[in-house]
Amino acid sequence: MIIEQLTICAPKGKRQEVSKALVSLSGPMQVQPGCLKCRLLQSWQNPDELVLEANWETAEDLIRHLQSDNYKRLLLLMELSAVAPVLEFCTVQDVSGLELVQKARGQSV
């Protein structure tokens, strides 16, 4: 799995406009082959900071997404960021849940 995370800081007074644009891009993203999850988050410390996060099943799925027209629109939206946007791609080899907490705390699963 690959986690794509984009952080944008909306210009003052433009948070709602940028949020709506990100939501309009996330819809088509969610239905792309290989998209496991897509969500838009807002920082409680800085409400103008918006994070678009998507989980991709394979590198091929991510590459197809990066080559899409939808992603071209996302690149244009990044240019509106009040500070340099942060874009990260994290490759995840293993995913654990509550069972890891239980194991770490010495409880049987």
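C90 counts as partly exposed because its relative accessibility is 38%, where partly exposed covers the range between buried, under 20% relative accessible area, and exposed, over 50% (1.4 Å probe, protein chains only). The C90 sulfur is too far from any other cysteine sulfur for a bond, because the closest one, in C38, is 15 Å away. C38 itself counts as buried, because its relative accessibility is 12%.

A word on what you are looking at: this is a predicted model, in which local features need pLDDT of at least 70, side-chain atom pairs count only at pLDDT 80 or more, and totals for chains, interfaces and linings use all residues. Residues are numbered from 1 along each chain as its sequence is written, and side-chain values use heavy atoms, with hydrogens and water left out.

If you are wondering about disulfides, a search of the whole structure finds zero of them, a disulfide being a pair of cysteine sulfur atoms within 2.5 Å. C38 is in no disulfide, and its nearest cysteine sulfur, that of C35, is 5.3 Å away. As a reminder, a disulfide is a covalent bond between the sulfur atoms of two cysteines.

## The fold at a glance

The protein chain has four helices and four strands. These are DSSP runs numbered from the N terminus, with helices being H or I of at least four residues and strands being E of at least two. Read from the N terminus on, the order is β-α-β-β-α-α-β-α. The C-alpha trace spans about 50 × 35 × 20 Å along its principal axes.

Of the 109 residues in the protein chain, 33% count as buried. Contact here means heavy atoms within 4.5 Å. Among contacts between residues at least 6 apart in sequence, 67% join residues at least 24 apart.

## Surface and charge

The accessible surface of the protein chain comes to about 7200 Å², and carbon and sulfur atoms own 54% of that. Accessible areas come from the Shrake-Rupley method with a 1.4 Å probe, and for residues only the protein chains shown count as cover.

On the charge side, there are 11 positive and 13 negative side chains, and the centres of the two sets lie 7 Å apart. Lys and Arg count as positive and Asp and Glu as negative, while His and the chain ends are not counted. Each charge is placed at NZ of Lys, CZ of Arg, CG of Asp or CD of Glu.

## The nonpolar core

The largest nonpolar core has 19 residues, and those with the most contacts inside it are L22, M29, L52, W56 and L74. Such a core is a set of buried Ala, Val, Leu, Ile, Met, Phe, Trp, Tyr and Cys residues joined through side-chain atoms within 4.5 Å. Two or more residues of this core come from each of β1 (2-9), α1 (15-30), β2 (35-42), β3 (49-56) and α3 (69-78).

Setting aside its neighbours within four places in sequence, M29 is in contact with C35, C38, L52, A54, W56, H65, N70 and L74.

S19 sits in helix α1 and is buried, with a relative accessible area of 18%. Beyond its neighbours within four places in sequence, S19 is in contact with L40 and L50.

Y71 belongs to helix α3 and is buried as well, with a relative accessible area of 5%. Not counting residues up to four places away in sequence, Y71 touches E4, H65, L66, M78, L87 and F89. Q45 is 26 residues from Y71 in sequence and 28 Å from it in space, C-alpha to C-alpha.

## Residues with more open side chains

V31 lies in the loop between α1 and β2 and counts as exposed, because its relative accessibility is 68%. From V31 to C9 there are 22 residues in sequence and 26 Å in space, C-alpha to C-alpha.

R64 is part of helix α2 (residues 59-66) and is partly exposed, with a relative accessible area of 41%. R64 and P33 are 31 residues apart in sequence, with 8.8 Å between their C-alpha atoms.

K103 is found in helix α4 (residues 98-104) and counts as exposed, because its relative accessibility is 65%. K103 and L75 are 28 residues apart in sequence, and their C-alpha atoms are 42 Å apart in space.
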